[in-house]
Amino acid sequence: MIFKVEKRKWRENGKLRTTRCYYLRYRVGDMPVDKWKSLGVTDFQVATKNAQQFVQEREREAAGIIEPKLVRDAAQKALPQHLNDYVADLMARGRAGRGGKGARLIKTRITGLAKECGWNVVANISADSFILWRTQQTCSVRTINHYQQGMISFLNWLERVGRIKANVLKHVPKVDERGQKKRVRRAFTDEELRKLVDGSGERGIVYFTAARTGLRQGELKLLQWVSVNLETSVPHIIVRAETAKNKKDESVCLMPEIVEALKAHRPANWSPNDLVFPLGVPRARLLRKDAERAGIAYKDEQDRYADFHALRYTWATFLQRNGIAQRFAMKLMRHSDIKLTAKVYTDEMQLPIYDSIKNLPRLGCTQIRAQISGAGGQNVAQADAAKREAEPNKTIDNVGVCPILSLPVAQGEMVEAAGVES
């Protein structure tokens, strides 16, 4: 170990310069080069004492006797201060969501969770207190898992920047969500969508655009005319990266019907930077009122909801129902996984499954139908069973022929004897 208290020297314009305060020059353990630490004093004896305390602390940290100074300082810092630093880092890295909404939501969840669990400083956070809180909740399983994921992300950040040694919630399993979803969406049928668009006044064009482009509520809210290309050979909408969920610029092709509707909606004095929907995008509560006014069930008999995001389900189902290739549908939905398009966003109850199988080729088993119905239309098997019940004492000889399967032959002989057949 290197340990030396001295003043730092350097040359400036050919003259040797010396610092006013003393520095500690040290090297501990596997350090490749010497490090300098300002002791902040001009008295040599005081500087030597401060240097000894610093080196003693570093040696104890290396031996595991005490925690690193950064961890010790962080343990005394209030949890909201760490949370503010985390949110600021999310904003700086562009990971805060559209307009910072994601970061604000995480902050709200962590603040509420810390308050209910009694976590004032980082040292208070424990797996046991979180599990106890989780057992007392009445909200949905999905919501509880969202709270846990937000807290885990926060603790992972504290671990990466060196403020804690380990994430105490890292190995706490999440609650299984399978079979416990409280909100399952469905697609609007064509007739329901027509009623919703026609009966919602100025909001109808918003619903129609959502159902024929798959744009999300936030994307429609920030959509500008500069991103809507209606006069090109391939009409399309460009979803800008700053408004998209996946932070990528992507284009969505437009079918002729929505092109005509948007042209009719566009004002004569429009400018490229104007919003396409200046009056805003209806929230779920307003859509529910519009749907009920049009006679559309907001929640069907299978407890499936027809909310605003269901309009995106409507677009995916409309594509599948009309024979659009799944790869094209995946592109139009802007999904990264085709399973998401085919399984999650497609309402299978609207697919023409029966229509596709009802005209399949027949096998043509006429003898099976004859054995079941008989010549007179009666179920021969049941008639034979009744006959045997009426004659319980009669013994049937085993002659190698099933009596049921021999009936059609006997009936054929009777018909021939009556002269019906030649």
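**Close-up 1. Strands β7 and β8 form a hairpin with six residues between them.** The model is predicted: local features need pLDDT of at least 70, side-chain atom pairs count only at pLDDT 80 or more, and totals for chains, interfaces and linings use all residues. Residues are numbered from 1 along each chain as its sequence is written, and side-chain values use heavy atoms, with hydrogens and water left out. Strands are DSSP runs (E, at least two residues), numbered from the N terminus; two of them pair if DSSP finds at least two bridges between them. Strand β7 covers residues 228–229 and strand β8 residues 236–239; they run antiparallel and are joined by two bridges. Val-228 stands opposite Ile-237 in β8, and Asn-229 has His-236 of β8 as its bridge partner.

**Close-up 2. Strands β7, β8 and β9 make up an open sheet in the order β7-β8-β9, with antiparallel pairing.** Because β7 and β9 stand at the edges, each with a single partner strand, one side of each is left without a neighbour in the sheet. Strand β9 (residues 250–253) is joined to β8 by four bridges, and the two run antiparallel. Val-239 has Glu-250 in β9 as its bridge partner.

**Close-up 3. An open sheet of three strands has the order β1-β4-β5, and its pairing is antiparallel.** The edge strands, each pairing on one side only, are β1 (2–6) and β5 (35–38). From one strand to the next the twist averages 20°, where axes are lines fitted to C-alpha atoms and angles run from 0 to 180 degrees between N-to-C directions. Strand β4 (residues 23–27) runs antiparallel to β5 and is joined to β5 by four bridges. Tyr-26 stands opposite Lys-35 in β5.

**Close-up 4. The largest cavity has a volume of about 50 Å³.** A search of the whole structure finds two cavities of 30 Å³ or more. A cavity is a set of points, on a 1 Å grid over the protein atoms alone, where a 1.4 Å probe fits but cannot get out; lining residues have an atom within 4 Å of a point. Grid points are joined across faces, edges and corners, and a volume is the space filled by probe spheres set on the points. The largest cavity is lined by Leu-215, Glu-219, Leu-222, Leu-223, Ser-227, Ile-238, Val-239, Arg-240 and Thr-243. Its lining divides into five nonpolar, two polar and two charged residues. Ala, Val, Leu, Ile, Met, Phe, Trp, Tyr, Cys and Pro count as nonpolar, Asp, Glu, Lys and Arg as charged, and the others, Gly among them, as polar.

Key:
1 Å grid on protein atoms, 1.4 Å probe; cavity = no way out; pocket = protein on both sides within 12 Å on 5 of 7 lines; lining within 4 Å.
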